[in-house]
Amino acid sequence: MPDAKSPRQLNKIYDSIFERFDTDHNGVVDMEEFRAQMRDILLAVAHGLGSAPLQIATEEDGFLQDAANHELEKNSAA
């Protein structure tokens with residue numbers, strides 16, 4: 001069971017994540033900032049999992065598979 005956090009603690013966590021994503025500190029996370037941070041996060045996860053990211057991405061109903069399907073649908077509609 002995850003540790004219970006107060007709303008104040010959660011806001012502090014969310015603020016620190018936002019600051020990390022908003023690299024130009026303009027108060028907005030644009031697509032490039034988002035992509036750069038997500039790339040870094042996914043690379044860190046992949047590094048920690050070794051060869052497992054390929055398995056996760058191809059697992060039926062896996063998180064990465066859902067994300068890939070979403071992007072595919074979005075790009076097909078455009």
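Which residues does D22 touch, not counting those up to four places away in sequence? The contacts of D22 (heavy atoms within 4.5 Å) are with G27, V28, V29 and E33. The model is predicted: local features need pLDDT of at least 70, side-chain atom pairs count only at pLDDT 80 or more, and totals for chains, interfaces and linings use all residues. Residues are numbered from 1 along each chain as its sequence is written, and side-chain values use heavy atoms, with hydrogens and water left out.

D22 sits in the loop between α1 (7-21) and α2 (31-49). Helices here are DSSP runs of H or I, at least four residues, numbered from the N terminus. A polar atom of the D22 side chain lies 2.8 Å from the backbone nitrogen of G27. D22 is buried, that is, under 20% relative accessible area with a 1.4 Å probe, protein chains only. D22 has no salt bridge (a side-chain nitrogen of Lys or Arg within 4 Å of a carboxyl oxygen of Asp or Glu). The nearest side chain of opposite charge, R20, is 12 Å away.

Two salt bridges are present in the structure. One joins R35 and E32, at 3.3 Å from N to O. These residues are three apart in helix α2, so about one helical turn separates them. E32 is exposed (over 50%), at 54% relative accessible area. R39 is partly exposed at 48%, and D40 is partly exposed at 36%.

Methods. Helices (H or I, at least four residues) and strands (E, at least two) are DSSP runs, numbered from the N terminus. Lys and Arg count as positive and Asp and Glu as negative; His and the chain ends are not counted. A polar contact is a pair of N or O atoms within 3.5 Å; within protein, one must be able to donate a hydrogen and the other to accept it, and residues adjacent in sequence count only if both atoms are side-chain atoms.
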